[in-house]
Amino acid sequence: MDILISDNTYYHWGGEAATLEDYLWDEHNVLIVCLPARTPEWNPMELVWGVIVQQLGLMPLGHICSLGTDAVAHAATSVLEKINHDDIVKFYSKCFA
């Protein structure tokens, strides 16, 4: 069994989301677990976003602007490429300590 952790945002529930939840469980044995509202500290992805925002803040504005219309996507990709397995382990350790 695999587990997909989701925040409790309204569009993750009801309608097509409920159908997706059933499909993931029935066809792939994936359990969706929603975190309680207002608990970003339990969501490892929030820590990843924090690193992206922090690193983007350290990049010179001229460099970001030179990346063109997809500047933020290019800059975020360069940040994500630097995240390694040990970083991911730290994100999960902080959330589930």
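Is V89 buried, partly exposed or exposed? With a relative accessible area of 40%, V89 is partly exposed, where buried means under 20% relative accessible area, exposed means over 50%, and partly exposed lies in between, with a 1.4 Å probe and protein chains only. The model is a predicted one, in which local features need pLDDT of at least 70 and side-chain atom pairs count only at pLDDT 80 or more, while totals for chains, interfaces and linings use all residues. Residues are numbered from 1 along each chain as its sequence is written, and side-chain values use heavy atoms, with hydrogens and water left out.

V89 belongs to helix α5, which covers residues 85-95; helices (H or I, at least four residues) and strands (E, at least two) are DSSP runs, numbered from the N terminus. Although 45 residues separate V89 from P44 along the chain, their C-alpha atoms are 9.4 Å apart.

The largest nonpolar core consists of 11 residues, namely V48, I52, L56, M59, I64, A71, A75, A76, V79, I83 and F91. Such a core is a set of buried Ala, Val, Leu, Ile, Met, Phe, Trp, Tyr and Cys residues joined through side-chain atoms within 4.5 Å. Helices α2 (44-58) and α4 (71-80) each supply at least two residues of this core, and the largest share, 4 residues, comes from α4. When residues up to four places away in sequence are not counted, A76 touches I52 and L56, contact being defined as heavy atoms within 4.5 Å.

T77 is also located in helix α4. T77 counts as partly exposed because its relative accessible area is 39%. Between the C-alpha atoms of T77 and I64, which are 13 residues apart along the chain, the separation is 12 Å.

Attention now turns to the surface. A nonpolar patch is formed there by M1, I3, W25, L31 and V33, which together have about 470 Å² of accessible area. Patches are made of residues with over 30% relative accessible area and no salt bridge, with like charges joined within 9 Å and nonpolar side chains (Val, Leu, Ile, Met, Phe, Trp, Tyr) within 5 Å. The areas come from the Shrake-Rupley method with a 1.4 Å probe, and for residues only the protein chains shown count as cover. A salt bridge is a side-chain nitrogen of Lys or Arg within 4 Å of a carboxyl oxygen of Asp or Glu.

H28 and L67 are 39 residues apart in sequence, and their C-alpha atoms are 39 Å apart in space.

Loops are found on either side of α1. G15 lies in the loop between β1 (2-6) and α1 and counts as exposed at 58% relative accessibility. N29 is found in the loop between α1 and β2 (30-34) and is partly exposed at 35%. Most residues other than glycine have a negative phi. N29, although not a glycine, has a positive phi of about 55 degrees.

The cysteines remain. C34 is partly exposed at 22% relative accessibility, whereas C65 is exposed at 53%. A disulfide is a covalent bond between the sulfur atoms of two cysteines. With a disulfide taken as a pair of cysteine sulfur atoms within 2.5 Å, the count comes to 0.
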